[in-house]
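Hi there,

Here is the structure I promised to pass on to you. Have a look at it first, and then read my notes below.

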Amino acid sequence: MPIELKMPALSPTMEEGTLAKWLVKEGDVVRSGDLLAEIETDKATMEFEAVDEGTIGEILVAEGSEGVKVGTAIATIIGEDEDAAAPAKAAAPAESKAAPAPQQADAPKAETPTQEAPKQEAPKQEALAKADTAPAPSEGDRIKASPLARRLAQQQGVDLASLSGSGPNGRVVKADLADAKPGAKAPEPAPAKPADAAPVAKTPASDAKAAPASPPPTATSDIPHEASKLSNMRKVIARRLTESKQQVPHIYLTVDIRLDALLKLRGELNTALEARGVKLSVNDMLIKALALSLLEVPSCNVQFAGDQLLTFSRADISVAVSIPGGLITPVVADAGNKGLAGIATEIKDLAARAKAGKLQPHEYQGGTASLSNMGMFGIKQFEAVINPPQAMIMAIGAGEQRPYVIDGKLDVATVMSATGSFDHRAIDGADGAQLMAAFKRLVENPLGLVA
Amino acid sequence: MADTYDLIVLGSGPGGYVAAIRGAQLGMKVAIVERERLGGICLNWGCIPTKALLRSSEIYHYMQNAEAYGLSADNVSFDLAKVVERSRKVSGQLNAGVKGLMKKNKITVVEGFGAITGKGKLSVKQGDKTTELEAKNIIIATGARARDLPFAKADGERIRTYRHAMVPPAMPTKLLVIGSGAIGVEFASFYNDMGAEVTIVEMVDRIMPVEDAEVSDFMLKALTKQGITIQTGAGVEKLETGANGVTATIKGKDGKSTTGEYSHVIVAIGIISNIENIGLETVGVKSERGAILIDAYGRTNVPGIWAIGDVAGAPWLAHKASHEGVTAVEAIAQENGNKDVHPHPMDKGNIPGCTYARPQVASVGMTEARAKEAGHALKVGKFPFIGNGKAIALGEAEGFIKTIFDAKTGELLGAHMVGAEVTELIQGYVVARQLETTETELMQTVFAHPTLSEMMHESVLAAYGRAIHY
C-alpha cells in the first residue's frame with residue numbers, strides 16, 4: 001500500500017505552510033533522511049526529510065502551493081517491496097474505507113504535532129471524513145468551537161481563532177459568528193435577542209461578550225495604492241501582537257541607566273578578545289544583564305498559564321531581530337550561565353541565519369523573556385509589546401550623552417532609557433521594579449557580567 | 001419585624017421550586033410562598049397526573065387489543081375512581097417529594113397568598129394571619145390558569161377545564177373538547193381510549209397548530225381512525241347547560257351553525273397568566289398582553305423583581321419555567337458578586353414540546369413552513385416507523401420522524417416526531433441542537449440496534465438521500 005506523505009507540523013503552532021519547493025520528483029527512490037521538500041512556515045523555510053523508504057508515487061500538492069493545512073496529503077510513497085504499479089491515488093475514500101485494517105498497525109499516533117522530526121503517517125480513515133466535511137485538522141492550540149460554528153466560519157471565511165467564544169469555556173458558537181460576519185454592522189447596543197421581549201436589556205457583566213474582533217477594513221481606498229498579500233510571518237505577527245495587546249494587561253516601568261562603565265568594559269574586553277575574532281556588542285552585554293536580572297528576581301521570570309503560574313529556573317532570552325518582511329526572535333538559551341563571548345558568537349550566527357530564513361523552530365521558539373533594542377535607530381525610549389506566553393520584554397533605547405546629575409552636580413554622562421513591559425497578571429509592579437533595579441545595577445556595575 | 005431573606009420565590013411550581021433550590025445551592029437564604037400545594041399545577045393538576053391517567057388508558061387500550069400480541073384478556077373493564085385515585089396518589093407522592101426537597105435545602109416554605117407590598121417587601125396572607133417577608137430579590141413564579149370561554153364559564157360540572165377533567169366523578173359519554181393544543185388532544189385521547197365518544201373542535205384549519213403541518217395531518221388521520229370526530233376551522237358559539245348535558249352550537253368551516261348534545265365539555269383554549277392581586281402595580285412591574293415583561297435573564301423593569309415561567313409568557317411549559325428559574329437565580333448570584341456562576345439566556349428554539357396522546361407528538365425547533373419563511377434552503381428527511389424493526393416488534397408501526405436541515409450550513413433547524421415513545425426520543429435532537437451539531441456528526445453517531453432511536457439516524461440520512469431502511 002502506498003504511504004501518504006502529509007504536510008508536517010514543523011512547529012507546535014504551525015497550522016499551515018507553503019510548499020515552497022519539491023526536492024524529489026515522481027519515481028525517485030528515497031531513503032530515510034533524504035530531503036523531500038522545502039516548506040515555508042510562518043517564520044522560516046524548513047527542509048522536510050523522509051522517514052520511510054520507498055519510491056515517490058505521486059506528488060499531490062504542487063510546488064508553490066500556499067496555505068497547505070497540516071495533515072494534508074502532499075505525496076505518496078510506494079514501499080520498496082511493493083509493485084510500483086499499485087494504485088497511486090491513495091486518497092480515494094472508497095479505498096481507504098475498503099482496506100483500513102492493514103494500515104492500522106504502522107499508523108503512528110497521529111495528529112499531535114510535536115517538535116520532533118516530521119512524521120509521515122499511514123493513511124487513515126480520515127480521508128473519508130474529509131470528503132464529507134473537510135474538518136480543520138486538529139492543531140496544537142485546539143480552538144473550541146461547535147461543529148456548526150466551524151462550518152459557518154469556513155463558509156464565511158472567518159478565522160475561528162480571531163473570535164472570542166461565548167459558549168461554555170469559551171466555545172465558539174453560531175451566535176459568535178453572526179457578530180463576526182465580514183462587513184457586518186456594529187452590533188446593536190442592546191444585546192437582547194428579538195425573541196425576548198426585553199424591557200431592560202441589562203447583561204450580567206461576565207456574560208457580556210468581548211467586542212467582536214473588528215473585521216479587517218476592506219481596502220476600498222481611493223488613494224492610489226498597491227495591495228500586497230500578507231506573508232505567513234506577517235499574519236502570525238499580526239495575530240500574536242493583537243492577542244498580546246488585547247489579552248495581556250501590560251505595565252511599563254522605565255529606568256535611566258548610565259552606560260559609561262559598560263562601554264569602557266566593552267572596549268577593554270574587545271581589545272582582549274580581538275585575537276579570538278570575537279567582538280562584543282552592547283546588546284550582547286544587555287542580554288546577559290537581563291538574564292542575570294531574571295535569575296536574581298525570579299518573580300519576573302515567569303509565565304501566566306491559565307490557572308497556573310510557571311516560574312522558570314533558567315533565563316532564555318529571545319532577542320528581537322529585524323529581518324526582511326518582519327521580525328523574528330531567536331533565543332539565547334540559558335543566557336545567564338553563558339559567557340559574553342559565547343553569547344556574542346551565538347547571536348551572530350542566529351541573526352545571520354534568521355536573515356536567511358534558515359532558523360529551526362526550536363531556535364526561535366520558547367524563551368522566558370525578550371529583549372528588543374532600537375537604540376541603533378536613535379529611538380530614545382519605547383514600550384515593547386510582550387511576546388506571549390512570555391511575561392516580560394525589555395525595550396532598550398539609544399545610549400546618548402545627556403546632562404546627568406552625578407553626586408549632586410550636573411555633569412554629562414552616557415545614558416540610555418530601558419523600559420520593561422510586564423504581564424501584570426503574573427507580575428506585580430513592585431517585582432517589576434526590582435527587576436529594573438537589578439538590571440540597572442548590573443549594567444552600571446558591569447563587572448558582574450563577567451564574574 | 002419582617003423575616004429577611006436573600007431571595008423570595010412567589011409560587012412553587014416547576015419554575016419556583018427549582019429556582020428556590022438553585023438559590024439554596026448558591027448559598028442564599030430562601031423563602032418560597034405557595035397558596036395551595038407545593039409543586040404547583042405541573043405536578044398537582046397538570047403534567048404529572050395527566051401522565052398517570054394516560055398510562056391507565058394506554059394499558060387499557062393494550063388490554064383490549066391483547067389478541068394482537070397473542071394474549072387474551074376477557075371482560076376487560078376499569079374502575080374510574082381507582083384510575084383517578086392512582087393519578088392523585090402519583091401527584092401526592094411528588095408533592096411530598098418537593099416538600100422533602102425544600103426541607104433538605106433549608107428553604108422556608110410560607111403558606112398563603114403572597115403579594116408584593118413595596119421594594120423588596122412581600123406580605124403573605126393565610127386566613128387572618130399575615131406574614132411579612134423581606135428580600136433584596138423576589139422572583140415571581142405564579143404561573144397561569146385555564147382560559148375561560150367568554151360566553152360560558154367552566155362550572156366544573158358539565159363544562160370543565162383541565163383541572164376538573166383530571167378528577168372526573170363519572171365518565172363522560174359524549175365529550176366535546178374545545179381546542180386542540182397539547183391539553184385538548186391529551187384529554188381527547190384519554191377519554192376516547194376509555195370509551196367516550198369524543199369530538200374535538202379547533203378554530204384553526206388544522207389540529208395541534210403549533211406543530212409541523214405534516215404532524216397535524218398525521219394526527220388528524222390517526223385520531224379520526226380511533227373514532228374521534230374532529231372539526232377544524234370551526235368555532236363554538238354557544239354552550240347551554242341543561243339537566244342531562246350541554247347543547248353546543250358550533251359554526252363549521254362552511255359557515256353554517258349546527259347544534260349538538262354532549263354530556264360534558266372540556267375547555268382547552270389556552271391559559272392566562274396569574275398577574276392579578278400580587279402587587280405588581282404597587283411597584284410598577286410592567287406586563288404586556290397578560291404576561292410580565294422580562295429580559296433574557298428574567299429581570300422585570302423593576303430592579304430586584306424577577307419573573308419566570310408561565311407568568312412571563314410563552315411557551316407555557318414546565319421545563320421552560322425551571323430553566324428560567326435557574327437562569328434568573330444565577331443572574332442574581334452574579335449581581336451579588338458570585339464569579340463562579342455563568343447564567344445563560346435560553347434559546348427558545350431549543351425548548352422541546354411534547355404531547356402525550358396516543359400516538360405521541362414531540363418536536364423542537366422550526367417547523368418546515370417556518371424554516372422556509374425564514375429564508376432557509378432546506379433539506380428535509382422523513383423516516384416512517386414502518387421502516388424500523390423495533391417499532392414493528394412493539395406493534396407500533398405508525399408514525400414518523402422528520403428532520404429539517406439548512407441545506408447550506410447543515411444546521412438542524414427542527415425535528416418533528418409522531419408515534420410511540422417519541423417524547424423520550426426528542427431529547428437526542430435537543431442535545432444536538434444545543435451542541436450545534438451538523439448533519440455530519442449525527443450521521444457519524446452510532447445508534448443502538450434495535451431501538452426506536454435508530455429512526456432518528458435514518459431521518460437525518462433521509463434528508464441527504466441516504467436512508468438505509470426506506
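Let's start with chain A as a whole: of its 451 residues, 34% are buried. Please keep in mind that this is a predicted model. Chain A holds 12 helices and 19 strands. Among its contacts with a separation of 6 or more, 63% are between residues 24 or more positions apart.

Now for a sheet you can trace by eye. In chain A, four strands make an open sheet with antiparallel pairing, in the order β1-β8-β6-β3. Strands β1 (3-6) and β3 (29-30) of chain A are at the edges with a single partner strand each, so one side of each has no neighbour in the sheet. Inside that order, β6 (residues 54-59) and β8 (residues 73-78) of chain A are joined by four bridges in the antiparallel sense. If you want one pair to look for, Ile56(A) has Ile77(A) in β8(A) as its bridge partner.

Another pair of strands in chain A is worth a look. Strand β4 (residues 35-40) of chain A runs antiparallel to β5(A), and five bridges link them. Within this pair, Ala37(A) is opposite Phe48(A) of β5(A). Which residues of β5 (residues 45-49) of chain A lie on the covered face, and which on the uncovered one? Met46(A) and Phe48(A) are on the covered face, while Thr45(A), Glu47(A) and Glu49(A) are on the uncovered face. As a rule, side chains in a regular strand alternate between the two faces of the sheet.

Helix α1 (residues 16-25) and helix α9 (residues 318-335) of chain B have axes that come within 8 Å and cross at roughly 30 degrees. The crossing of α1(B) and α9(B) is right-handed. On the α1(B) side the contact involves Gly16(B), Val18(B), Ala19(B), Arg22(B) and Gly23(B), and on the α9(B) side Ser322(B), Gly325(B), Val326(B), Ala328(B) and Val329(B). Sorted by class, the residues in this contact are five nonpolar, four polar and one charged.

You will find Ile250(B) in strand β13 (residues 246-251) of chain B. Leaving out residues up to four places away in sequence, Ile250(B) touches several others, including Val201(B), Ala234(B) and Gly260(B). Ala234(B) is 16 residues from Ile250(B) in sequence, and their C-alpha atoms are 6.8 Å apart.

Happy exploring!

How values were computed:
Residues are numbered from 1 along each chain as its sequence is written. Chains are lettered from A and ligands numbered from 1 in the order in which they are written. This is a predicted model: local features need pLDDT of at least 70, side-chain atom pairs count only at pLDDT 80 or more; totals for chains, interfaces and linings use all residues. Two strands pair if DSSP finds at least two bridges between them. Helices (H or I, at least four residues) and strands (E, at least two) are DSSP runs, numbered from the N terminus. Axes are lines fitted to C-alpha atoms, for helices over the stretch in contact, and angles run from 0 to 180 degrees between N-to-C directions. A crossing is left-handed if the near helix is turned anticlockwise from the far one by less than a right angle, and right-handed if clockwise. Two residues are in contact if their C-beta atoms, placed from the backbone, lie within 7 Å. Ala, Val, Leu, Ile, Met, Phe, Trp, Tyr, Cys and Pro count as nonpolar, Asp, Glu, Lys and Arg as charged, and the others, Gly among them, as polar. A residue is buried if 20 or more other C-beta atoms lie within 10 Å of its own, exposed if 12 or fewer, and partly exposed in between; C-beta atoms are placed from the backbone.
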